[in-house]
Amino acid sequence: MNAESDGRQGGSESVPHAATGDDAPTKGPVLGSRAPRFIQRSRPLHLSWQVGVFIVGLAVVGVGIVMLPLPGPGWLVIFAGMAIWATEFVWAQLVLAWTKRKVTEAAHRALDPKVRRRNLILTTIAVVVCAAAVSVYVWKFGVVMPWKIEQ
């Protein structure tokens with residue numbers, strides 16, 4: 001009986017740690033709506049608040065998606081839209097926490113000296129290959145732009 005209760009306690013405590021990525025349960029982010037108290041008290045008002053937050057977040061994420069192929073900070077705007085959603089929706093809070101954790105891990109990996117050395121070597125190889133391709137093109141066709149080549 002004690003083993004079951006210990007197992008349940010350990011399982012219930014480990015779920016919030018995994019979901020939030022924090023070491024202590026008291027330091028985890030508060031999940032749920034951050035709407036003002038008077039809005040949360042009224043169900044119709046809170047539902048309309050959630051619809052409004054969803055529409056605004058959707059518009060910001062949509063603009064970010066449009067900015068991906070166009071000039072502009074597309075990913076930054078998409079994350080801003082996710083942050084807007086995270087003010088109201090638990091799923092967005094969890095996605096944003098997961099994204100922050102993965103970006104932090106990637107930044108730490110990128111600062112690893114072995115990874116930096118490998119990236120420098122790969123970049124050097126890519127530059128040499130591109131320079132060789134440009135040299136072959138200039139040797140074969142000269143310095144004539146492709147749209148001015150006579151057929």
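Reader: Hi! Is His46 buried or exposed here?
Author: His46 counts as buried, because its relative accessibility is 12% and buried means under 20% relative accessible area, with exposed over 50% and partly exposed in between (1.4 Å probe, protein chains only). This is a predicted model, where local features need pLDDT of at least 70, side-chain atom pairs count only at pLDDT 80 or more, and totals for chains, interfaces and linings use all residues. Residues are numbered from 1 along each chain as its sequence is written, and side-chain values use heavy atoms, leaving out hydrogens and water.

Reader: Thanks! Which helix is His46 in?
Author: His46 belongs to helix H3, residues 43-67. Helices (H or I, at least four residues) and strands (E, at least two) are DSSP runs, numbered from the N terminus.

Reader: And what is His46 in contact with, leaving aside neighbours within four places in sequence?
Author: Ser33, Ala35, Ile39, Gln40 and Glu88. Contact means heavy atoms within 4.5 Å.

Reader: New topic: where does UniProt place the "transmembrane region" feature?
Author: The unreviewed entry puts it at residues 47-68, 74-99 and 120-139. UniProt positions follow the numbering used here, feature names are shortened, and annotations may be inferred rather than shown by experiment.
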